[in-house]
Amino acid sequence: MLKKFFITLLPVSFIMLFSLNVNAAVKTSSLNIGKTPATKLTEQCKKMFSVADTLIRDAERQPGTHTQVAKLKSKLSTTKQQIAKMESDLQQKSCDKGLTALNTLKQKH
């Protein structure tokens, strides 16, 4: 039962998490005029995406989750590309928040 709850909560958490990261880029983009975006991920972002990949692999093992997992993988890939375009300090802040949220989710379930 706990696994079913985790599987239903995971997509919502990722959508919320990744939406926050994307919105952060949009909100601050006008402030970053003249600054070049980072072309690679910061260490914090690499950690966050590693945790997200692990959670997705765990979700894949649960029966009946294949449609949700495919959507999560697609959203994760898009988010990686969007975050890579951000300036490194914005990447750091976004990924700090994301990693905290993912770790909280892991601890609860």
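Start by selecting Lys80: with a relative accessibility of 30%, this residue counts as partly exposed. Keep in mind as you click around that the model is predicted.

Next, colour the two helices: H2 covers residues 43-60 and H3 covers residues 66-84. Their axes come within 10 Å and cross at roughly 170°, so H2 is roughly antiparallel to H3. To see where they touch, show the side chains. On the H2 side, look for residues including Phe49, Ala52 and Ile56; on the H3 side, Val69, Leu72 and Leu76 are among them. Sorted by class, this contact has 10 nonpolar, two polar and four charged residues.

Stay with the helix pair and pick Glu60 and Lys73. Their side chains form another salt bridge, 2.7 Å from N to O. Glu60 belongs to H2 and Lys73 to H3, so this pair ties together parts 13 residues apart in sequence. Glu60 is partly exposed at 31%, and Lys73 is partly exposed at 40%.

Last stop: Glu43 and Lys46. Here the closest N and O atoms of the salt bridge are 3.4 Å apart. Both residues are in H2, three residues apart, so about one helical turn separates them. Glu43 counts as exposed at 53%, while Lys46 is partly exposed at 42%.

How values were computed
Residues numbered from 1 in each chain as written. Predicted model: local features only at pLDDT ≥ 70, side-chain atom pairs only at ≥ 80, totals over all residues. Heavy atoms only, no water. Axes fitted to C-alpha atoms, helices over the stretch in contact; angles between N-to-C directions. Helix = DSSP H or I, 4+ residues; strand = E, 2+ residues; numbered from the N terminus. Parallel < 35°, antiparallel > 145°, perpendicular 65-115°, else oblique. Contact = heavy atoms within 4.5 Å. Nonpolar A, V, L, I, M, F, W, Y, C, P; charged D, E, K, R; others polar. Salt bridge = Lys/Arg side-chain N within 4 Å of Asp/Glu carboxyl O. Buried < 20%, exposed > 50% of the residue type's maximum accessible area, 1.4 Å probe, protein only.
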